[in-house]
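Colleague: I would like to learn how to read strand pairing and nonpolar cores in a protein model. Could we go through one example together?

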Amino acid sequence: MKTFSALFFFFFFFCCPLPADEGLRIGTTFSRQQCIYLGLDWQETYLAVLKLKPDIIRLGAYWNEIEAKESTFDLTTLDWEIKEAKKRGIPIVLTIGMKAPRWPEYFIPAWVFKKTQLHYSDDIAENPVLKKYTLRFIREVINHYSAEEAIAYIQVENEALNKFGKKNWQLSKKFLSEEIELIRSLDNLKRPIVLTAATYPNTFLRTIARIFTKGDWIKNNLALCDILGINAYPTIGQKTFGFRHYVRTSPEQRKKSLRRVLKAAKNKGAELWVTELQAEPWEPGELVHTKKHAPPSISPETVVYYFEELKTEGVRTVLLWGAEYWFYQKKEHGNLRWWKMAEDMFKSNNKKSLAE
């Protein structure tokens with residue numbers, strides 16, 4: 001059976017053309033900080049990712065980089081990233097706030113921590129000092145890009161209402177609303193607001209998340225945004241008390257969960273995106289799987305399978321998660337499978353065949 005499945009995926013992935021869908025967008029997220037963690041030249045990596053011609057790209061305004069020194073705002077790196085995407089006509093989703101894509105979730109400057117006392121599992125936006133500096137940072141970034149048409153969407157925070165990160169912090173709906181109100185008042189282009197949220201198709205994980213998270217994070221996000229972005233991680237590696245294991249979801253679980261969120265978004269008149277479709281391994285106890293060998297959690301072929309699930313259910317914008325990893329595998333190990341997966345998926349959506 002395993003041999004048959006492997007042959008099926010090989011044939012489907014490398015030999016069969018995927019029909020182009022004019023209403024569908026396939027994009028990705030890029031993080032300079034993730035490149036630094038992997039020891040990659042971030043500019044080389046970014047230009048290579050842009051050369052893949054994604055339909056849309058998500059970038060982060062990393063606060064700890066932009067305001068590394070108090071009251072000194074340096075946007076030159078982000079300016080360059082935006083300029084390069086703009087040259088190629090790739091629309092940008094810009095993430096702004098104290099949270100941004102990639103670990104450690106919160107990108108708060110060191111000088112801010114010296115002025116605050118934050119504790120484990122806090123709603124940290126309740127801290128008046130942190131709140132003041134976060135809103136000031138957002139004001140600076142929005143004013144800088146108020147007329148930048150390459151930025152098509154503004155994402156406020158990243159999975160703000162979910163508890164993540166080293167200290168399991170969470171942001172409140174009240175603070176998120178204040179951030180959005182500020183952005184809407186300053187944004188000359190009145191760009192759509194994107195909010196993102198974790199979803200838990202696995203019943204056990206969803207139950208645990210509900211115990212430790214305040215409120216209904218899907219409902220609360222939808223009350224504030226124009227577009228809701230969710231993640232889709234079919235296989236999650238965990239290391240508990242030294243024991244390595246995987247939390248997997250079935251197609252039925254994934255479809256049921258997705259349909260529930262799609263219905264909620266439709267009822268609120270919001271669009272639903274998948275802003276993180278798992279397209280890199282999630283191995284137990286590893287921030288990134290840096291080995292060459294194929295990991296158990298996912299393969300390039302199964303990414304295509306998961307993507308087809310989302311497409312069938314009616315999701316029209318999907319951002320693949322893992323661009324830095326694809327380039328790392330190509331550069332460090334000469335492993336082209338992940339890079340080819342992304343290249344072919346982007347090509348297929350531009351009316352080209354996967355067999356090319």
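Modeller: Start with a bridge partner, in a model that is predicted.

Colleague: How many bridges join strand 3 to strand 4?

Modeller: Strands pair when at least two bridges are found between them. Here strand 3 (residues 92-96) and strand 4 are joined by 5 bridges, and they run parallel.

Colleague: What is the bridge partner of I154 in strand 5?

Modeller: That partner is I193. Strand 4 and strand 5 (residues 193-197) are paired over 2 bridges, again in the parallel sense.

Colleague: Through which helix does the chain cross from strand 4 to strand 5?

Modeller: The path goes through helix 8 (residues 173-186), and this β-α-β crossover is right-handed.

Colleague: Is strand 4 mostly covered or mostly open?

Modeller: Buried means under 20% relative accessible area. In strand 4 (residues 151-156), 5 of the 6 residues are buried, which leaves the strand mostly covered.

Colleague: Which residues have the most contacts inside the largest nonpolar core?

Modeller: They are I57, L94, L320 and W326, in a core of 98 residues. Helix 7 (residues 128-144) gives the most to this core, namely 7 residues.

Colleague: What is L94 in contact with, leaving aside its neighbours within four places in sequence?

Modeller: Contact means heavy atoms within 4.5 Å. The residues touching L94 include I151, Y153, I154 and Q155, as well as L59, G60, A61 and L78. V141 and Y145 are also in contact with L94.

How values were computed:
Residues are numbered from 1 along each chain as its sequence is written. This is a predicted model: local features need pLDDT of at least 70, side-chain atom pairs count only at pLDDT 80 or more; totals for chains, interfaces and linings use all residues. Side-chain values use heavy atoms; hydrogens and water are left out. Buried means under 20% relative accessible area, exposed over 50%, partly exposed in between (1.4 Å probe, protein chains only). Helices (H or I, at least four residues) and strands (E, at least two) are DSSP runs, numbered from the N terminus. A crossover is right-handed if, with the strands pointing away from the viewer, the path from the first strand over the helix to the second runs clockwise. A nonpolar core is a set of buried Ala, Val, Leu, Ile, Met, Phe, Trp, Tyr and Cys residues joined through side-chain atoms within 4.5 Å.
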